[in-house]
Amino acid sequence: RYTLTKDFYAGVFEVTEKQWELVMGVNPSNYKRGDTYPVECVSYNDIRGESDGSNWPSSSAVDATSFLGKLRAKTGLPELDLPTEAQWEYTCRAGTTTTYNTGDSEAALAEAGWYSGNSNNQKHPVGEKVANAWGLYDMHGNVWERCLDRYQKDNALSGTDPVGAAFGSDRRIRGGCWGSGTDYMASSDRDHLGLPSVSSRYMGFRLFETVP
């Protein structure tokens, strides 16, 4: 159990191929499907940078040449970032305590997200499934979503405004993807994926902004 004390905004959709291209000038996706499909094959370093951007939780700074560095400069919103793992789960659940934010059954999951049982082995445009109670789409499936927190085995998600482990190389990922089985899609599932430089066709992200 944990407590969040800071207000924040969460992106209604996962960041799309078009949105990434508008900021960075290129589309890095392995599967280039179209403007409204989630971007993938972007690493933690691509999003935040491997210099200043690698110092979370000691600093929220990002590299100027990273996606967030350029987006912060364009928008004048210095708090735009990936979510903490606690923010992500709280947002995904939207007040629910069930396995998925639509219920406990696989049929309920199929209403909320694209996974191995219904995706036809591919990602889909954002927003095609049922939104959660707070109006956010694809919190389950489509692409895995990156979080700020470092991965450390058995590190509990607890306390006040938790920010993850102080040490470690891997970063947390949440939500499952179009190739995931039902277990990985649960609101409570906590996973990780290699070094911050690693990218994957299964991996995307969603923008959050903590209110100063």
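## A walk through the predicted chain

The chain folds into five helices and nine strands, where helices (H or I, at least four residues) and strands (E, at least two) are DSSP runs numbered from the N terminus. Read from the N terminus, the order is β-β-α-α-α-β-α-α-β-β-β-β-β-β. Please keep in mind that this is a predicted model, in which local features need pLDDT of at least 70 and side-chain atom pairs count only at pLDDT 80 or more, while totals for chains, interfaces and linings use all residues. Residues are numbered from 1 along each chain as its sequence is written, and side-chain values use heavy atoms, with hydrogens and water left out.

Let us start with the overall form. A compact globule of 212 residues would have a radius of gyration near 17 Å, and the chain agrees with its 16 Å; this radius is taken over C-alpha atoms, and the globule rule is 2.2 Å times the number of residues to the power 0.38. The C-alpha trace spans about 45 × 40 × 30 Å along its principal axes. Of the 212 residues, 48% count as buried, meaning under 20% relative accessible area with a 1.4 Å probe, protein chains only. Among contacts (heavy atoms within 4.5 Å) with a separation of 6 or more, 66% join residues 24 or more positions apart.

| Helix | Buried residues |
|---|---|
| Helix 3 (residues 67-75) | Phe67, Leu68, Gly69, Leu71 and Arg72 |
| Helix 4 (residues 85-93) | Glu85, Ala86, Gln87, Trp88, Glu89, Thr91, Cys92 and Arg93 |

The buried residues of helix 3 pack against helix 1, helix 2 (44-48) and strand 3 (80-81). After helix 3 comes Gly76, with a positive phi near 70°. In helix 4, eight of the nine residues are buried, so this helix is largely enclosed by the rest of the structure. Its buried residues pack against strand 1 (2-3), strand 2 (8-10), strand 4 (144-150), strand 6 (171-174) and strand 9 (208-210). Ala94 follows helix 4 and also has a positive phi, near 50°.

Glu17 sits in helix 1 (residues 17-24), and it counts as buried because its relative accessibility is 3%. Its side chain reaches the backbone nitrogen of Gly34 at 3.4 Å. Leaving aside residues up to four places away in sequence, Glu17 touches several others, including Asn27, Tyr31, Arg33, Tyr37 and Lys123.

Terms used. Buried means under 20% relative accessible area, exposed over 50%, partly exposed in between (1.4 Å probe, protein chains only). A polar contact is a pair of N or O atoms within 3.5 Å; within protein, one must be able to donate a hydrogen and the other to accept it, and residues adjacent in sequence count only if both atoms are side-chain atoms.
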